[in-house]
Amino acid sequence: MAGGGEPLHQSLFRDITPYLCYILLATAVGPLQFGYHLAELNAPQDVITCEKKSATSSALHPSLPQCISMNTDQFAVVTSIFTLGGLVGALIAGPCCTKYGRLLTMRLTTTVFVVGPIFEALAPSISVISIGRFISGIGAGSSLVVGPIYISEVAPPKEKGFFGALTQIMVNVGILLTQVLGYFLGRDSMWRIILGVAGCIGLLQLFLLFLVPESPKWLAEHNDPQTARAILRKIRGRKEDLEDEVAAWNVDSSAEDISEEESLLSAPPGTHPGPNPKASSESVGIFSAIMHPSYRPAIIAVIAVMFAQQLTGINSIIMYSVSLLSTLLPTTAALLTVAISALNLFITTLCAPLSDKIGRKTCILLSIAGMGTSAILLAVGMSYGVKILAAIATLLFVASFAVGLGPVPFILSNELVGPEAVGATQSWALAANWIATFIVSQFFPILNKALGGQGRVYYVFAVIAAVFGAFIAWWVPETRGKHGANEVWGRKEARERVE
């Protein structure tokens, strides 16, 4: 149920407008790019690394080699360097979107998404494809910081959990898209087309963002509440009551200034006439946030959840499933990977309203429990050669991830701290995410090999799931239905407001 006993679907259809749909989808192309680049090397791995070299030796261009010879360790570096770029992008994007705005940061991010794939698609060597992957990673890291913040700030307040899941839904769309392309184009030098498509998607988003406005909440916090209100009116529609949402900005937007709203509605998206001296905002930097006792518990919470999201092993499936399962399922590994991606997208979309119904923390704990159990089943299935158990366990593993650990972590940063620290907290969260992703992408093949293969590494993931599940149950608060960070953490200010 969504606020006041009203069914979620009724509230959703009432609150959504065509313009809101447009700006949400245009923004969510950034997370789509993250998913695309994350999985783009999975299906064509053997072709790219010359493991499977075509006898015809065909190439898209005479100056480009059909494949780039590399061993397992070199391929792990090419795969994982994307995550180092993501770490850089995440650290840059937080301060940038706080100081210069969500819209400018998204536009700069999109240009990076165009440049990276050019290097990747035209790479003649390991070093050039690595540079391209690093640049694409910068864009991905930035998009996962600014995208969820923007979506949370323009989404209707009662459906923030539902729309917050849009980030992970679009990540899964990107993963599915690249897996499907890999299934059909994973031969000869066609893998270059797979890598180049991401640049075309980047160009598309750049054009889409010309009609996207700056975040109303950011404008209100940066001394322009009237333009913020005008943009919010355009997003919500003329009949929607904005008073509660505007009041939550905690800035002066008095009724006498509302007459300015109509003239501002026709202004080009992303423009505003200048600051209003009656409003003020003071943002918190990355290091100031971690040092401040009010923000530190929230940062520890989001770091723990992001570590849990990655160190429970989801990207071992997303990045390496074809090579991982090919020994056990040689004829169906690539097709099973496409099915895994489709299931991930379906379950994430189906469970999008769940965090608004049963709570963010409950979804995360259910997800961790499911992944830990599935990891044990997958290890048993692969170790003892039980093909059907391994296939089912892989699907359950991904489905469990989609219930909570996939979508919910991207929502928490906006709900555990006040607006002045959202950018810093999101940067810490995504930095943790990228470090954990790097650890999995770089060391999973090495650890799997050291343990003798056959899926024994998933026993390690099961233990990690148990540890993080216990810590999250103890430390991370529930945020569903709470009004602001003070109420989430049970601080004095919230208790006094209730009394």
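Author: A definition comes first: a residue is buried under 20% relative accessible area, exposed over 50%, and partly exposed in between. The model discussed here is predicted. Cys-67 has a relative accessible area of 8%, and since buried means under 20%, Cys-67 is buried.

Reader: What makes Cys-50 partly exposed?

Author: The relative accessible area of Cys-50 is 23%. Because the class in between begins where buried, under 20%, ends and stops where exposed, over 50%, begins, Cys-50 counts as partly exposed.

Reader: Why is the link of Cys-50 and Cys-67 called a disulfide?

Author: The sulfur atoms of Cys-50 and Cys-67 are 2.0 Å apart, and a disulfide requires cysteine sulfur atoms within 2.5 Å. The structure holds one disulfide. With 105 degrees about the S-S bond, this link is right-handed.

Reader: Which parts does the pair of Cys-50 and Cys-67 tie together?

Author: Both Cys-50 and Cys-67 lie in the loop between helix H3 (45–48) and helix H4 (72–99), so the pair ties together parts that are 17 residues apart in sequence.

Reader: How do you know that Cys-200 is exposed, and what is said of Cys-21?

Author: Cys-200 has 53% relative accessibility; exposed means over 50%, and Cys-200 therefore counts as exposed. Cys-21, at 31%, counts as partly exposed.

Reader: How many aromatic pairs does the structure hold, and what makes Phe-162 and Phe-163 one that is edge-to-face?

Author: There are 15 aromatic pairs in the structure. The rings of Phe-162 and Phe-163 are 5.3 Å apart, centre to centre, with 90 degrees between the planes. Centres within 6.5 Å make a pair, and planes over 60 degrees apart make it edge-to-face. Phe-162 is partly exposed at 22% relative accessibility, whereas Phe-163 is buried at 5%.

Reader: Why is the pair of Phe-287 and Trp-428 called edge-to-face?

Author: Their ring centres are 6.3 Å apart and their planes stand at 90 degrees, so the pair is edge-to-face. The pair links distant parts of the chain, with Phe-287 in helix H14 (residues 286–291) and Trp-428 in helix H22 (residues 422–450), 141 residues apart. Phe-287 is exposed, with a relative accessible area of 64%.

Reader: What lies over the face of Tyr-19?

Author: Lys-234 does, at 5.0 Å from the ring centre; the distance limit for such a contact is 6 Å.

How values were computed. Residues are numbered from 1 along each chain as its sequence is written. This is a predicted model: local features need pLDDT of at least 70, side-chain atom pairs count only at pLDDT 80 or more; totals for chains, interfaces and linings use all residues. Side-chain values use heavy atoms; hydrogens and water are left out. Rings of Phe, Tyr and Trp (its six-membered ring) pair if their centres lie within 6.5 Å; planes under 30 degrees apart count as stacked, over 60 as edge-to-face and the rest as tilted. Buried means under 20% relative accessible area, exposed over 50%, partly exposed in between (1.4 Å probe, protein chains only). Helices (H or I, at least four residues) and strands (E, at least two) are DSSP runs, numbered from the N terminus. A charge sits over a ring if NZ of Lys or CZ of Arg is within 6 Å of the ring centre and within 35 degrees of the ring normal.
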